[in-house]
Amino acid sequence: MKHARIRLPGEAEIHAVLVNDDHSVQLADGRRFAEEAVEWLPPAEGTVFALGLNYADHAAELAFKAPTEPLVFLKSPATLTGHRQVSVRPDNITYMHYECELVVIIGKTAKNVSREQAMDYVAGFSVCNDYAVRDYLENYYRPNLRVKNRDTLTPIGPWWVDRDDVANPASLTLRTWVNGELRQQGNTSDMVFDIPYLIEYLSSFMTLSPGDMIATGTPEGLADVLPGDEVIVEVEGVGRLVNHIVSEAQYADRQAQTV
Amino acid sequence: MKQGRIVLNQQARRVTALADGKLLLDNGNPLADTPQWLAPASGTVYGVALNHRSLLEQLEADFQQPPYQKAPATPVLFIKPRNTHAGHGSTIALPTQAGKVFAGGALGVVIGKVASKVAVEQALEVVAGYTVANEISLEETSFYRPAVKAKCRDGFCPMGPWLVDAAAIDPLKVEIRSYLNGELAETNHSRDWLRSVPQLIAALSQFMTLQPGDVIIPATPLRQLEIRPGDTVAVEIDGIGRLENHLIAEESAQ
């Protein structure tokens, strides 16, 4: 099954919904709405982990050696947004790129979990686009929040799918299209640290809770995106997340219209 | 006004301190028992690394070497996630096999209004109040990689007991005293911070929206206050309060 969080236009209440095969959503009270008729929110709420350089080819692309220990950073709710929403490209920058990633949704409290048991703690999977503004990357300092935690630059969704509906999460194709053109393609089998390893690693020093999300990194194939672009990231068997790039001025206009 | 959050019958509740020290529950009833404290704010906690002069001075030579080549030009930020948040009086488990653990006595700046692209001059208007924080961390040997393993362990960000109204505190003039087993062990002063609280609010809100309940930890000094299982660590700021926590070994907590 596919699970999502949505809002109806003009309403503040957040609904947990099931998603039908035609991407319409079903509210708990039975009402049904088409994909285009609702506001899609990030599908879960919790701590968001993101992996840097977790595909060897991507590490090579950035002229890095693949890490010997997972390179994990955190994201705040400030940066998250949903399916069919917009992402803001800052003015006066030269390079902002997408990153298609498989997201693991934690389903049970996890502490000191072994890699053999790790998948028992997974509720399901989602998709994210972990945009980065490379202009703001300062040399070798930590992937800073200015690069990776800007408002609107982490779309996630559209939904999460139950773990058991994904036959083999270690063999899924990831693809990114910009304006309909295929720009990035990879496979989760190329992860440096796989999902069981990541759960074992994180839970060895901190408690993971239901709703926590792990964005597992991106393969090679990065390219700049510009205002007006439609960016679609897809993980095979999980979902297809649509997003549009806007300029700061366009975003300010949109904000003004919704107030 | 001093406000705190406690757990009562498994629910989070607000309490207010009266002038005589008595506690009043959110329904107006007095609270007699010693409460189980929660962190006074429940939003995202943003820490600022390398904002204390002592730390930057010590690392100055390192920053001229590879891989850094130069000191950072913008605030280096990190997040203390929800599993790290803890209240006054909570017991915190320390790993004994992961190297040294250090206290990080700090101010907690609690945001009160949605804040996006706030100017330095208006920055303090978005502050609801202040609390006391202890940004506990393992030793940091590198600023080259994110410090999740060092900083994001369970209970590594106690805060409280109080959220004190913004008007009562001048964040440019705070002194933070840390005590180990009752003895003053470290003093940290806001005049030693490279960027002030208003400058940090302006810098952060420039690219991300701060929400009510979010907390900024403006600075922690050079790590020198080592804490061990069996110790009691306290952080105190005049006009805000005293945050005290007892430390045990992680192995005995399981």
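Helices (H or I, at least four residues) and strands (E, at least two) are DSSP runs, numbered from the N terminus. With that in hand, let's start with chain B. Chain B has 4 helices and 20 strands.

A word on ground rules. This is a predicted model, where local features need pLDDT of at least 70, side-chain atom pairs count only at pLDDT 80 or more, and totals for chains, interfaces and linings use all residues. Residues are numbered from 1 along each chain as its sequence is written, chains are lettered from A and ligands numbered from 1 in the order written, and side-chain values use heavy atoms, with hydrogens and water left out.

Confidence next. pLDDT is the predictor's confidence in each residue, from 0 to 100. Chain B averages 93, and 99% of its residues score at least 70. For the complex, the predictor gives an ipTM of 0.94 and a pTM of 0.95.

Now the overall form of chain B. Its radius of gyration, taken over C-alpha atoms, is 18 Å. The globule rule is 2.2 Å times the number of residues to the power 0.38. For 254 residues, a compact globule would come out near 18 Å, so chain B agrees. The C-alpha atoms fill a box of roughly 60 × 45 × 30 Å along the principal axes. How much of chain B is buried? The figure is 57% of the 254 residues. Buried means under 20% relative accessible area, exposed over 50%, partly exposed in between, with a 1.4 Å probe and protein chains only.

On to a sheet in chain B. Two strands pair if DSSP finds at least two bridges between them. One open sheet has 5 strands, in the order E9-E20-E19-E16-E17, and its pairing is mixed. Which strands stand at the edges? They are E9 (91-94) and E17 (183-189) of chain B. Each has a single partner strand, so one side of each is left without a neighbour in the sheet. The twist averages 25° from one strand to the next. Inside this sheet, E19 (residues 232-237) and E20 (residues 241-249) of chain B run antiparallel, joined by 6 bridges. There, Thr232(B) stands opposite His246(B) in E20(B).

Chain A, briefly. An open sheet of 5 strands runs E9-E19-E18-E15-E16 in chain A, again with mixed pairing. E15 (residues 173-178) and E18 (residues 230-235) of chain A pair in the antiparallel sense over 5 bridges. Arg175(A) has Glu234(A) in E18(A) as its bridge partner.

Note on methods: Axes are lines fitted to C-alpha atoms, for helices over the stretch in contact, and angles run from 0 to 180 degrees between N-to-C directions.
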